[in-house]
Amino acid sequence: MSALTTLPPGLAVLAAALVLPLLSRRVGHALGLLATGGVLLWVYLLPSGTYLEVPFLGFEAVLLNVDELSVLMGLIFAFIGAVAVGYSYATEADTTQTAFALGYVGTSLLAVFAGDWLTLVFFVELMAAASTLLVWHYRGRAVRAGFRYALWHGLGGSLILAGVVWHYVEVGSFLFGAADGIAPGVPAALYALGFGVNVGYVGLHVWLPDTYPRPHIAASVFLCVYTTKTGVYGLGRAFPDGHLWLAYMGGAMAVFGAFTALLQNDMRRLLSYHIQSQVGYMVAGVGIGSALAFSGAFGHVFNHILYKSLLFMCAGAIIYRTGTENLKKLGGLWREMPLTGVIFGVAALSIAGFPGFNGFVSKGMVVGAAHKEHLDALWYILLLGGVGTFLSFIKFGYYAFFHGEAQQPVPGRELNLGQKAAMGSVAALCVLYGLVPGALFAILPGVEAGAYAALPGAGASTYTVFTVGHLVEGFGLAALGLVGFALLRGPLSRVGRVPDVDAVYNRAVFYGSRAVVVGVTELYAAVDRVAVGVARTAVWTARNPVPALDRVAPWMLPDARANGDREVDPELDVNIGQATFVVLGVLVVGLLLLFLATVG
């Protein structure tokens, strides 16, 4: 057991990532599967309370901090990493792409097992670098999207680091245990805003739908998991008692993401907006701050990783077989891809929070916590987000599987063995955690014995899953979604590409940066022209002092002219030229010394 506690688990995944490009596709993916599967077991066996501290640049860096929250994140990160590696092999991803993906997985694991703020920030930034490389690897349209992705996460990371450094000034330590969360005031504001990029606050979310539809279909499965959930983890660490501002921002994310997704026709773009929406429930849970809300937030992290990765795998399977991403160009796939349709139905009902599926359990915890804390406005907002989720996935399923005849041929097998194994295992867990919620409660952080139960009469003190009220809520939201889609189907069929605020951001950055570049260039050119002109004048003056003086102050010339001409004694001309040269030299040396003194 001691061997498990001497290194953080993420290092094993990083080691596999370094070796992977040197191996064949089959052997490389087998190694990736072995590494992530081994880390899953490693995390499960880690003793609670393990604490690995090492000195770094005069500070104490904690590379391994094992508690309920880090174990929950480690288990789901490692599991879905293994599933995504298998899916990558099944969809013909090369070993270099999977190596970048494993670098992303490994740095994410290192981030959630960090025990101090500085180490957390360090690995979050490495996550951003690894995920950018994962996007860029696909080339084409992914390159520009990856560049914008890197800019956004560079901005977010800078704000997080500023908040952490300010926290250190306030507290005197980077260790999590030195204070109860992040220091309030400016440090908390900077930190929350920085992680707002990761989780996709409204207005800071545009990198999500811009980036995730661009790379290889297997890369999207990795991308949909780690960045946003590590952001929720970072907020949970920093705000253990919650913050009302976070709660309402989460509500805004839930509604904005769901209804913007409803307007999308690109499958992966629709799913990307729903990452923002579902992460909104997690942020709301962290913001509410009660024990039920906190458990619900991280229960939803766990469940969301399962059904969202499954949805991206379903979309990827459709793209893999048809070559089409646009829902308007699909249709009738129920006959061509029935198994994919069934698995999609499991994932869609899970994300929508239908009774019997895992989203119903965790989303109900967050919504119920808002109600228990008498945050009625937030409660209605979160319910509205639930209606939007049903609407979006009814639309997705209708246009992909049922509407009209199949417009795209589906050659070969519907799903190969690797796709079936990856998608089937995750779908089974979505149903398992929906029907047996106690299996989820057993691994959630901060759950007291007897606090939660599946059925009434089990003596739960805080939350019961299958109450009449909760069931009515779940079925009622589904009914509203069905009725709403029946009414909106016509208008939705005429909706084209809907721009987001990135249409403003991208143009503002493009034209603004161009204006800065042109302005700086023209200013440099103007300064250069002035400098050259001054230099030329100085040189001419040094060579022709008398004519120069005659031009500006002729009265200062001595009366040395002969025969009525304007010639001057040559010796006088030389003396004036030398004097002028000396004065200019002294001025240049003086300015140089002044510059060096200022820089020093």
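Q: How do helix 10 and helix 16 cross?
A: Helices are DSSP runs (H or I, at least four residues), numbered from the N terminus. Axes are lines fitted to C-alpha atoms over the stretch in contact, and angles run from 0 to 180 degrees between N-to-C directions. In this predicted model, local features need pLDDT of at least 70 and side-chain atom pairs 80 or more, while totals for chains, interfaces and linings use all residues. Residues are numbered from 1 along each chain as its sequence is written, and side-chain values use heavy atoms, without hydrogens and water. Here, helix 10 (residues 244-262) and helix 16 have axes that come within 8 Å and cross at roughly 20 degrees. That makes helix 10 and helix 16 roughly parallel (angles under 35 degrees).

Q: What residue classes make up the contact of helix 10 with helix 16?
A: Ala, Val, Leu, Ile, Met, Phe, Trp, Tyr, Cys and Pro count as nonpolar, Asp, Glu, Lys and Arg as charged, and the others, Gly among them, as polar. This contact has 15 nonpolar, 5 polar and 1 charged residues.

Q: And how do helix 15 and helix 16 pack?
A: Helix 15 (residues 358-372) meets helix 16 (residues 376-402) at about 155 degrees, with axes 7 Å apart. The pair is therefore roughly antiparallel (over 145 degrees).

Q: Is Ser295 buried or exposed?
A: Buried means under 20% relative accessible area (1.4 Å probe, protein chains only). Ser295, in helix 12 (residues 291-322), counts as buried because its relative accessibility is 1%. A polar atom of the Ser295 side chain lies 3.1 Å from the backbone oxygen of Pro445.

Note on methods: Helices (H or I, at least four residues) and strands (E, at least two) are DSSP runs, numbered from the N terminus. Angles under 35 degrees count as roughly parallel, over 145 as roughly antiparallel, 65 to 115 as roughly perpendicular and the rest as oblique. Buried means under 20% relative accessible area, exposed over 50%, partly exposed in between (1.4 Å probe, protein chains only). A polar contact is a pair of N or O atoms within 3.5 Å; within protein, one must be able to donate a hydrogen and the other to accept it, and residues adjacent in sequence count only if both atoms are side-chain atoms.
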